[in-house]
Amino acid sequence: MSGCDCTPTVSDLKPYEEALELLLSHARPMQDRETLNLHEALGRVLAAPVKSGIDVPGWDNSAMDGYAVRVADIPAEGTRLSVSQRIPAGTAPQPLEPGTAARIFTGAPVPQGADAVIMQELTCQQGDEVIINTIPQTGANIRRRGEDIRQDAQIIAPGVRLLPQHLGLAASVGVGSLEVFRKPRVAVLASGDELLMPGQPLKPGMIYNSNIFTVAGMLRALGCEVIDLGQVADTLEATKEALTLATSQSDLVIASGGVSVGEEDHVKPAVEALGELNMWKVAIRPGKPVAFGHIGDTPFIGTPGNPVSLFVTFLLFARPFIRKLAGLSEVMPVTIETTAGFDWNKPDKRREFHRARLEKQEDGSDLVRVHPSRSSAVLSSTTWANGLVVLPENQTIEAGDKVQFMPFSELLS
């Protein structure tokens, strides 16, 4: 009997953590910046720290509607004080006359001389007087100047993706524009003569190209500018030509398909001809033949063509790489510990990231269930799931065991 078994053993594959560390070591954060007004800055990555030019609050102010008083003027419950002034928010009060109270509203400046605010529910106004039904503590219901933010304090650190609350915080100190990093430009292409774009009649032997829409959608969710180069003919020259075009206009190239060992898999040899591969084949399931390299100075990530493998390897490798490229300070997804609602009796020799669903039980506890199919072609499993459960290599799991879960709400943002 003759022949050749070229299938790599697990020991020939790069461990997940080592592969991820290698990728991130090559990710160079963006340097190009632009300044945007607050209305345009949502979702962008902050490039320069935001500092406050003012104290917030800018003055001692009332935390509620009520009466500003001197504590010394209220020796006992039931004390009557004349109301000497009314202070709505947005007005400048007069100093508080001794032996009087000032009607005050939430956010209004506390008048000079007052050292407490009594909520209106603990008072009773009768004509020009107010009856105080409690003895206040000094400082009660007063928000002090600078209690929230001090002048010159940094209020937003660079490296965060700007959320609505960041924009509101910047506006609260009078900052009207923010310096942000340029969006990463990512060129995407798909390999395979069998691919057909949606909307066209399906021909024998053909399949619709779902990968380009999955990748482009995930890239846009990460705040990238997508350069769609479409699908590439299954020839080495066409693949090299497409990759050369991609590197000329992008910060990163992502290709789906063509990175395995088949005779029609031309992406890997094309990258090796144009540049270098720094990594190929990782000890994970699905997605073993994920590739990373460079074409000139432009990084390249190659994902398998099977739709689930593409989806998983993008989340595990491309996402953290792009987050670092975009200038974000936090690049790794949050993983939560939860309880398995399944038995796993046939573990793989590779670490598995299986489509799973975290569900709330009647008693309020969380339980994670797995999709019944391990096939990397079942794209519907990615919409059934709401995350990935991490299944350690060579380890069985019984219902009730603790497992690690990576929610899509975190991975797809």
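This note walks through some points of the structure for a new reader.

1. **Ground rules.** What you see is a predicted model, in which local features need pLDDT of at least 70 and side-chain atom pairs count only at pLDDT 80 or more, while totals for chains, interfaces and linings use all residues. Residues are numbered from 1 along each chain as its sequence is written, and side-chain values use heavy atoms, with hydrogens and water left out.

2. Helices here are DSSP runs of H or I with at least four residues, strands are runs of E with at least two, and both are numbered from the N terminus. Buried stands for under 20% relative accessible area, exposed for over 50%, and partly exposed for what lies in between, with a 1.4 Å probe and protein chains only. As background, an α-helix has 3.6 residues a turn, so residues three or four places apart point the same way. Just after helix 3, glycine 223 has a positive phi of about 85°.

3. **Aromatic pairs.** How many aromatic pairs does a search of the whole structure find? There are five. Rings of Phe, Tyr and Trp (its six-membered ring) pair if their centres lie within 6.5 Å; planes under 30 degrees apart are stacked, over 60 edge-to-face, and the rest tilted. Phenylalanine 311 and phenylalanine 408 make an edge-to-face pair because their planes stand at 90°, with ring centres 5.4 Å apart. Phenylalanine 311 belongs to helix 6 and phenylalanine 408 to helix 8 (residues 408-411), so this pair ties together parts 97 residues apart in sequence. Both phenylalanine 311 and phenylalanine 408 are buried. Elsewhere, Tyr16, Phe317 and Phe353 form one aromatic cluster.

4. **Salt bridges between parts of the chain.** The whole structure holds 20 salt bridges, each a side-chain nitrogen of Lys or Arg within 4 Å of a carboxyl oxygen of Asp or Glu. One of them joins arginine 145 and aspartate 55, at 3.0 Å from N to O. Arginine 145 is in the loop between strand 10 (142-143) and strand 11 (154-156), and aspartate 55 is in the loop between strand 2 (50-51) and strand 3 (61-62), so the pair links distant parts of the chain, 90 residues apart. Aspartate 55 is buried at 14% relative accessible area, whereas arginine 145 is partly exposed at 45%. Another salt bridge joins glutamate 359 and arginine 369, with their closest N and O atoms 2.9 Å apart. Glutamate 359 is in strand 23 and arginine 369 in strand 24 (residues 366-370), so the pair ties together parts 10 residues apart in sequence.

5. Arginine 350 sits in the loop between strand 22 (336-339) and strand 23 (351-360). Is arginine 350 buried or exposed? Its relative accessibility is 18%, so arginine 350 counts as buried. Its side chain reaches the backbone oxygen of isoleucine 284 at 3.1 Å. Arginine 350 also forms a salt bridge with aspartate 348, the closest N and O atoms being 3.4 Å apart. Aspartate 348 is itself buried, at 13% relative accessibility. A network of salt bridges links Arg285, Asp348, Arg350, Glu352 and Arg374.

6. **Cysteines.** The structure holds zero disulfides, a disulfide being a pair of cysteine sulfur atoms within 2.5 Å. Cysteine 224 is buried, with a relative accessible area of 7%, and cysteine 124 is partly exposed at 33% relative accessibility.

Key:
A polar contact is a pair of N or O atoms within 3.5 Å; within protein, one must be able to donate a hydrogen and the other to accept it, and residues adjacent in sequence count only if both atoms are side-chain atoms.
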